[in-house]
Amino acid sequence: MKKILFIEDEPTLQKTLGRALEQEGFEILSALDGEIGITKAKESKPDLILLDLILPKMDGFEVLKRLKENEETKDIPVIILTNLENPEDIEKVLSLGATTYLVKANYDLEEVIDKIKDMLK
Amino acid sequence: MILSQLNFIKECKKYSISLWQCPTFLFVLMGFIIILSILLSYFIASKYISDPLVTALLTLSIAFVLMILGYSIVNGFEKLAEANRLKTEFVNIVAHQLRTPLSAIRWSVGFLLGGKAAHLNSQQYEQIELIQSNVKRLIRLVDDLLDVSRVEQGRIVLKKEKIDLGKLAKEMIEQYSSYARASDISLKLKAEKKLPLISADSEKIKIVLQNLIDNAIRYSKKNGKVQIKLSKENDYIKCEVKDNGVGIPKNEQKYIFRKFFRSSNILRRQTRGTGLGLFITKAFINLHNGRIGFKSEENKGSVFWFELPIAPH
């Protein structure tokens with residue numbers, strides 16, 4: 001079973017997407033802030049990380065940077081799932097090594113799930 | 001003079017700052033004071049003052065007054081600029097804060113509609129679909145507000161590539177075909193063969209086409225016709241979106257690209273809309289060094305067109 005780590009501080013989103021992905025047969029690990037996110041990524045080596053950018057304790061940019069600097073986690077693909085949409089932010093996370101960038105408000109749940117499934121094929 | 005004074009008051013009220021902080025007023029006032037003080041000091045100096053030192057002191061004190069006045073003018077400009085910055089920042093923050101709960105609703109509703117929670121009966125399904133479409137409307141509004149604030153801050157970055165406008169238009173027409181059918185409106189594309197590519201940001205041009213097609217369908221009457229025509233005009237590709245809908249009254253045509261403007265005959269029909277679409281559309285076309293315009297007649301219809309430069313080989 002493929003493992004997905006979902007780093008997101010908004011519980012509603014966490015629950016909804018988490019549940020939907022579980023129904024699709026994935027194992028979901030959740031982290032409500034950046035620090036926990038990093039710890040869980042190192043501990044459980046997920047197949048994919050979904051990462052929000054505005055997070056308590058450590059923001060998504062920093063989390064991404066640290067994940068990519070660490071030997072154990074640097075090859076795990078990261079999807080940025082955020083509502084920020086400034087061109088500078090997009091450029092920044094892509095240059096830091098994120099695989100793709102999705103603006104949450106602009107996608108239906110099904111579309112997000114399809115993208116995740118595609119990536120884990 | 002009194003009349004133009006009154007105009008200043010109106011102008012300054014619009015900015016909601018006092019007359020003594022209002023640059024337009026202070027600037028004219030300063031002009032008058034300069035002219036008056038030059039004449040007066042010349043007059044006084046030549047008639048009553050023999051000592052050049054006194055004349056120098058007089059000129060100096062006048063210069064001092066003018067400096068203070070000049071300073072308050074600059075201050076007034078700063079206040080206006082600051083107010084504008086705060087407004088844009090406010091819109092930005094509100095928009096981002098709105099997006100989080102909106103995406104939460106969108107996904108939760110998607111969860112229900114996807115049959116992931118339980119099987120829904122048709123009435124439940126219909127109601128939830130209504131929530132879905134309204135949430136999407138709200139998201140669209142927030143997106144528009146963000147685009148407007150970016151346009152105003154000059155923070156739009158174009159990702160230009162060579163694109164085929166005909167292909168893009170076809171895609172957009174497919175996207176709108178069910179909406180057009182539901183509104184009993186025929187939607188057709190007529191494109192010249194082998195049009196050259198344009199150099200443009202496809203996401204932005206998509207929004208332009210969406211806005212124009214959306215408006216054309218929305219403001220058409222039943223059994224209306226919407227036609228999109230593509231042609232080559234010198235160094236430009238021209239796109240026309242023509243409808244035979246409600247049209248825009250003559251006296252309102254000059255406001256059509258203004259932010260939040262909505263035509264009165266449209267408001268009567270109570271169709272949805274934010275009055276932001278055409279403002280954004282024009283800004284995007286201008287950023288591409290393109291041209292945009294329209295022709296419209298009330299009750300006969302409108303043609304909105306834009307031209308984008310052909311990509312160099």
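Modeller: One cut-off to begin with: a residue is buried if 20 or more other C-beta atoms lie within 10 Å of its own, and exposed if 12 or fewer do. Bear in mind that this is a predicted model. Now take β5(B): one face is covered, with I237(B), C239(B), V241(B) and D243(B).

Colleague: Why do the side chains of a strand fall into two sets?

Modeller: In a regular strand they alternate between the two faces of the sheet.

Colleague: What makes β4(B) and β5(B) a pair?

Modeller: Two strands pair if DSSP finds at least two bridges between them. Eight bridges join β4(B) to β5(B), so the two count as a pair. They run antiparallel. I228(B) has V241(B) of β5(B) as its bridge partner. The two strands form a hairpin, with two residues between them. In the turn, N234(B) has a positive phi of about 50°.

Colleague: What makes a set of residues a nonpolar core?

Modeller: The members must be buried, of the listed nonpolar kinds, and joined through C-beta atoms within 7 Å. The largest such core has 35 residues, and I213(B) and V241(B) touch the most other members. Several elements of chain B give two or more residues to this core, including α4 (122-153), β4 (225-233) and β7 (301-309). α6(B) gives the most, with seven residues.

Colleague: Which residues does V241(B) touch?

Modeller: Leaving out residues up to four places away in sequence, V241(B) touches L212(B), I213(B), A216(B), V226(B), I228(B) and F304(B).

Colleague: How do α5(B) and α6(B) pack?

Modeller: Their angle is about 35°, and their axes are 10 Å apart. The crossing is right-handed. Among the residues in contact are M172(B) and Y176(B) of α5(B), with L209(B) and I213(B) of α6(B).

Colleague: What classes of residue make that contact?

Modeller: The contact of α5(B) with α6(B) has 10 nonpolar, two polar and one charged residues.

Colleague: On to chain A. Why are β2 and β5 of chain A called edge strands?

Modeller: The five strands of this open sheet run in the order β2-β1-β3-β4-β5, with parallel pairing. β2 (27-31) and β5 (100-103) of chain A each have a single partner strand, so one side of each is left without a neighbour in the sheet. Neighbouring strands are turned by 20° against each other on average, direction ignored.

Colleague: What makes β1 and β3 of chain A partners?

Modeller: Four bridges join β1 (residues 3-7) to β3 (residues 48-51) in chain A, so they pass the test of at least two. They run parallel. L5(A) stands opposite I49(A) in β3(A).

Colleague: How many residues does each chain give to the contact between A and B?

Modeller: Chain A gives 16 residues and chain B gives 16 residues. On the side of chain A, α1 (11-23) and α5 (109-120) are the elements that give two or more. α1(A) gives the most, with six residues. By class, that side has seven nonpolar, four polar and five charged residues.

Conventions: Residues are numbered from 1 along each chain as its sequence is written. Chains are lettered from A and ligands numbered from 1 in the order in which they are written. This is a predicted model: local features need pLDDT of at least 70, side-chain atom pairs count only at pLDDT 80 or more; totals for chains, interfaces and linings use all residues. Two residues are in contact if their C-beta atoms, placed from the backbone, lie within 7 Å. Ala, Val, Leu, Ile, Met, Phe, Trp, Tyr, Cys and Pro count as nonpolar, Asp, Glu, Lys and Arg as charged, and the others, Gly among them, as polar. Axes are lines fitted to C-alpha atoms, for helices over the stretch in contact, and angles run from 0 to 180 degrees between N-to-C directions. A crossing is left-handed if the near helix is turned anticlockwise from the far one by less than a right angle, and right-handed if clockwise.
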